[in-house]
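Please look at the structure shown below before reading on.

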Amino acid sequence: MNTHETEIAERTRETMEEMYVNMGPQHPSTHGVLRLMLKLDGEVVTEIIPYVGYLHRCHEKIGENRILTQIIPYTDRLDYLASMYNNWGFVLTVERHLGITVPERAEYMRVILGELQRIASHLIWLGTFGLDLGNFTIFLYCFREREMILDLFESVCGQRLNYAFYRIGGMPLDLPDSFVSNCKAFLEWFKPRLPEYDALMSDNIIFQKRVQGLGILDPKTAINYAISGPVLRGSGIKWDLRRNDPYSIYDRFEFDIPVGTSGDVWDRYMVRRIEMEESVKIVEQALQGLPSGDIIAKMPKKLKPPVGDIYTRVETPRGELGFYMVFDGSEKPYRYKVRSPTFVNLSVLPVIGTGYLVADLVAILGSIDIVLGEVDR
Amino acid sequence: MAPDEVIEAIKSRFGDAVKASEVKGVEARMDIHWEKNYEILMALKEMGLDYLNCLSAVDRIASAELEVVYNLSSLSLPAKALVRTRVPREEPIIRSVASLWGTADWHEREAFDMMGIRFDGHPDLRRILLSEDWVGYPLRKDYQDERLVPYEPV
């Protein structure tokens, strides 16, 4: 400090030191109860220390004390914006371990519901991301469309948020007669809405200037931090488990995997935005090929998984959801570990978030798309 | 690289440190000695299995050991690897792999938080999901808490 600065500091009683500021746990842009300890130099973030665990409920311990079918409703509460997909990840793990083949119709139902869930989840993300950056209109548009998807889900299983609808071996209920026509009507209505979002967000020069070149995640760091989902694809790596490690019947559908180029917030935004179109394509193809027949395989009354362990992963709207389960021959899993995508994706925030303004950090955090129910488990 | 080639390469380099191995589909499964975990994982990383999917801990109370499980895969190769290693329960210390993978940082903190495994060389080993003053390691099988109600199936 030179004498002039010292003089100002004395006069204004400012020390010109770096200071620590808590962002959260109650903060509208942390999407739940996330606490970030920020070290600030003026308005520039020089260090980020995330504190997670405010929603911790020891999901894994609960799972180890329940028989397999009882765990399904608990998986809903992991990523509560994509419950269908969490159910799917869990039942797929058990089915692979037991060697169960799921009937064709159930697989198609799973794909249809899973992809609708992906659209709904991305809509929530798009809306709240817009809200973080001060665009309130997009939030209302997105929630209007999501409401229609929830209506479809309600017609199938009676629930709107936590479905607990997938079963080990298939699906518990068949689609209602009106579902196929209602779903087609929704898709027809939804497709012209996507350009409307572009008009509000992508083509908005203020939004573009705000997010381009922000929070750059290079591919090497992304792999080192085992980033998955749209955040990984935003960094230019063409990696989607639906294509690269296919499960269910995803190898039958034609769809593109959008990737970014520079790995900034804009790329992550565009990846999710285009993924909605691709999901629409998948749902259309699945509705086209929906066969008739059984919806659940013949299952024993009591499930007794053989001794062993298995790791299975699915591509949820947020990335790789993995279940590592160890069985000791009893009805309950001996160990039940959830590898949640956002827990892993959030761990890279201190790397990509430093060096920007606090207001930019809000955009970077929004682009990772965290759900605290899944981070804290 | 096929999974049996992965096992063969590791076995020829580390010999007795690989206690058991099997191939399950595209997955190479290995049980290794805990003292060699860092070297073997580094060798696997150099072979191209550079994506650490998951790091979890299992309480093997019957043999008084804690197990650390590494799930490795790659974004370019079809092979996967599952590496298991066991440390004694009384003194659960194992070398950290946080210097190999950034993602191991939080996974190891979680394993420390839930199972009490201490990762030697971890840059910032403290509880992550539970509060700092929590007593005990909840995912151990002998964890006791008076608030836990035993589950009775109807």
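The points below cover the contact between two chains, then parts of each chain.

This is a predicted model, in which local features need pLDDT of at least 70 and side-chain atom pairs count only at pLDDT 80 or more, while totals for chains, interfaces and linings use all residues. Residues are numbered from 1 along each chain as its sequence is written, and chains are lettered from A and ligands numbered from 1 in the order in which they are written.

**Where the chains touch**

- Chain A puts 26 residues into the contact and chain B puts in 22 residues; two residues are in contact if their C-beta atoms, placed from the backbone, lie within 7 Å.
- On the side of chain A that touches chain B, at least two residues each come from α2 (59-64), α10 (219-224), β4 (308-316), β5 (319-327), β6 (333-339) and α14 (341-346) of chain A.
- Helices (H or I, at least four residues) and strands (E, at least two) are DSSP runs, numbered from the N terminus.
- With 4 residues, β5(A) gives the most to this side of chain A.

**A sheet in chain A**

- Three strands of chain A form an open sheet of 3 strands in the order β4-β5-β6, with antiparallel pairing; two strands pair if DSSP finds at least two bridges between them.
- At the edges are β4 and β6 of chain A, each of which pairs on one side only.
- The antiparallel strands β5(A) and β6(A) are joined by 6 bridges.
- Opposite A:Phe327 stands A:Pro333, in β6(A).

**A helix in chain A**

- Helix α3 (residues 68-76) of chain A has buried residues (20 or more other C-beta atoms within 10 Å of their own, with C-beta atoms placed from the backbone), among them A:Leu68, A:Ile71 and A:Tyr74.
- The buried residues of α3(A) pack against α2 and α4 of chain A.

**Chain B**

- Chain B contains 3 helices and 7 strands, and its elements run α-β-β-α-β-β-β-β-α-β from the N terminus on.
- Strands β1 (residues 18-24) and β2 (residues 27-32) of chain B run antiparallel and are joined by 6 bridges.
- B:Val18 has B:Ile32 in β2(B) as its bridge partner.
- The hairpin of β1(B) and β2(B) has 2 residues between the strands, and B:Gly25 takes a positive phi near 65° there.
- Of the 154 residues in chain B, 42% are buried.
- The C-alpha atoms of chain B fill a box of roughly 50 × 40 × 30 Å, taken along the principal axes.

Methods. A residue is buried if 20 or more other C-beta atoms lie within 10 Å of its own, exposed if 12 or fewer, and partly exposed in between; C-beta atoms are placed from the backbone.
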